[in-house]
Amino acid sequence: MTSPIATPGHDRLLIIDFGSQVTQLIARRLRELNVYCEIHPYQTVDEAFLKEMAPKAVVLSGGPDSVTREGSPRAPQALFEMGLPVLGICYGQQVMMHQLGGKVESGHGTAEFGRAYVTPTEARLDILKGWFNEGREQVWMSHGDHVSVIAPGFEVFGTSPNAPFAITADPARHFYAVQFHPEVHHTPNGAKIYENFVRLAGFTGDWTMGAYREEAIAKIQAQVGDAKVICALSGGVDSSVAAALIHEAVGDQLTCVFVDHGLLRLNEAEEVVGMFRDHMNLHVIHAEEQELFLGALDGVSDPETKRKIIGKLFIDVFQKYADQIEGARFLAQGTLYPDVIESVSFSGGPSVTIKSHHNVGGLPEKMGLKLIEPLRELFKDEVRALGRELGLPASFIGRHPFPGPGLAIRCPGEITREKLAILREADAVYIDQIRKHGLYDEIWQAFVALLPVRTVGVMGDGRTYDYACALRAVTSVDGMTADYYPFDHTFLGETATRIINEVQGINRVTYDITSKPPGTIEWE
Ligand code: XMP
């Protein structure tokens with residue numbers, strides 16, 4: 001059984017995960033209401049777990065299974081006898097009905113996927129405050145099974161053409177069950193349901209980044225004592241916020257190592273080191289190991305081999321510098337909550353490695369260091385809010401993600417110093433264009449990839465034979481899926497002209513319009 005990671009002193013809400021694709025969105029909606037919540041897979045939640053975590057309310061997520069199937073997931077029966085408010089979503093609704101004495105049936109013409117409209121019945125319900133102002137509400141449905149008989153004590157408060165029991169509740173016991181997904185954007189008024197639910201469950205909205213900052217600092221001080229902490233600083237949002245927070249807690253006991261692998265963007269090392277060292281007074285070691293990395297990558301073109309070389313060298317280099325810091329006992333990492341949530345696996349099989357990701361995994365054991373992960377309970381936008389609390393400049397907090405292997409995976413094929421220099425210039429022009437047009441914050445990630453192709457062009461009276469590059473810009477929520485950004489043609493034309501005019505070595509610019517899946521965001 002996993003144990004709850006709840007931060008003590010806060011009202012807590014438990015989300016029992018039955019494997020829906022959108023369970024994390026439930027947590028997002030609740031955190032936006034300043035409610036501390038945790039997601040735990042249904043297999044790990046039993047009566048003892050509920051008692052230990054002592055949540056103030058519980059949400060049962062959706063899920064892909066059918067409660068009519070023998071052996072399908074259930075909530076612990078004890079949950080319904082603890083006097084806690086419970087909100088069941090989709091599969092969660094069906095589980096509630098089934099376990100509380102109602103009936104669920106499979107498919108046969110009553111499945112509903114996509115947009116639907118719910119209309120109210122005569123009765124009024126507290127969690128629907130602010131709903132039905134226009135007479136009906138748009139909701140997002142995604143269910144094959146449906147409730148055919150509601151459980152004793154429940155009443156119907158809303159119906160849709162294919163879900164006569166779209167909203168049901170037993171208000172006396174504070175049990176609420178909806179067939180649709182209030183957490184997704186396609187249920188435009190869905191957040192209201194969560195807001196009403198947590199208000200009537202007595203949550204005070206005590207989860208704010210201001211409060212978290214104070215608590216996290218006290219916790220780090222208690223954990224670290226007078227020992228030393230080291231942190232691999234990349235300049236990305238997560239490691240920057242983690243370093244700033246730890247620095248505030250233990251000051252000079254923190255040393256950051258910034259590994260310069262020669263695969264950074266234009267002026268990036270100077271900017272990151274300058275900001276942390278000169279403006280924030282952090283102790284930063286600038287590990288200038290460009291020669292080592294570029295030497296090891298010489299002549300290597302296979303993407304996975306490149307990643308492996310960089311990942312291994314990164315660990316070696318980090319360890320070399322860390323070994324020089326006497327008395328270091330802790331390694332700080334910017335692990336976030338989405339990395340910690342255990343997902344519900346139905347296939348049970350191993351998943352294929354698409355790309356081996358680059359981090360300092362395995363190092364703490366090897367070096368005998370203890371991990372400190374002060375962002376473990378936070379989602380990305382909470383990390384940004386915490387960064388603002390800590391006074392990090394907006395330009396740092398809003399930075400696009402940058403991969404550990406850096407420009408190596410934006411330069412398909414063999415890497416040379418010449419190619420890297422061209423890529424850096426082109427990338428800087430492209431990002432400058434995006435900023436000038438006020439598009440930077442709308443885009444999840446944008447960069448140039450330098451293609452391993454030379455093409456013929458004509459400039460002035462002469463023939464050119466230079467590299468082609470691809471511009472990439474995507475929108476995404478978490479990097480798991482992504483859409484290409486729909487720039488207008490004037491922007492694309494202007495950017496292409498600037499790159500060709502300003503960057504020597506590129507004579508052709510293309511725009512990558514592949515979504516993820518089937519593409520990935522990076523080119524390698
Ligand atoms: P892909 O290319 O897999 O990338 O669609 C998804 C997101 O992850 C970033 N990325 C990495 N980040 N180490 C990282 O820290 C890596 O090895 C790595 N590879 C990809 C990528 O930039 C995008 O944001």
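**Helix packing**

Trainee: Is the crossing of helix 14 and helix 15 right-handed or left-handed?

Mentor: The crossing of helix 14 and helix 15 is right-handed. A crossing has this hand if the near helix is turned clockwise from the far one by less than a right angle, and is left-handed if anticlockwise. This is a predicted model, in which local features need pLDDT of at least 70 and side-chain atom pairs pLDDT 80 or more, while totals for chains, interfaces and linings use all residues. Residues are numbered from 1 along each chain as its sequence is written, and side-chain values use heavy atoms, without hydrogens and water.

Trainee: At what angle do helix 14 and helix 15 pack?

Mentor: Two packed helices are described by the angle between their axes and the distance between the axes. Here helix 14 (residues 417–436) and helix 15 (residues 489–502) pack at about 145 degrees, and their axes are 10 Å apart. The axes are lines fitted to C-alpha atoms over the stretch in contact, and angles run from 0 to 180 degrees between N-to-C directions. Helices are DSSP runs (H or I, at least four residues), as are strands (E, at least two), numbered from the N terminus.

Trainee: Which residues of helix 14 meet helix 15?

Mentor: Contact means heavy atoms within 4.5 Å. Ala 426, Val 429, Tyr 430, Asp 432, Gln 433, Ile 434 and Lys 436 in helix 14 meet residues of helix 15, among them Phe 491, Arg 498 and Ile 499.

Trainee: Where are cis peptide bonds found?

Mentor: One joins Lys 516 and Pro 517, with omega about -20 degrees. Another joins Pro 517 and Pro 518, with omega about 10 degrees. Pro 518 is in the segment after strand 20.
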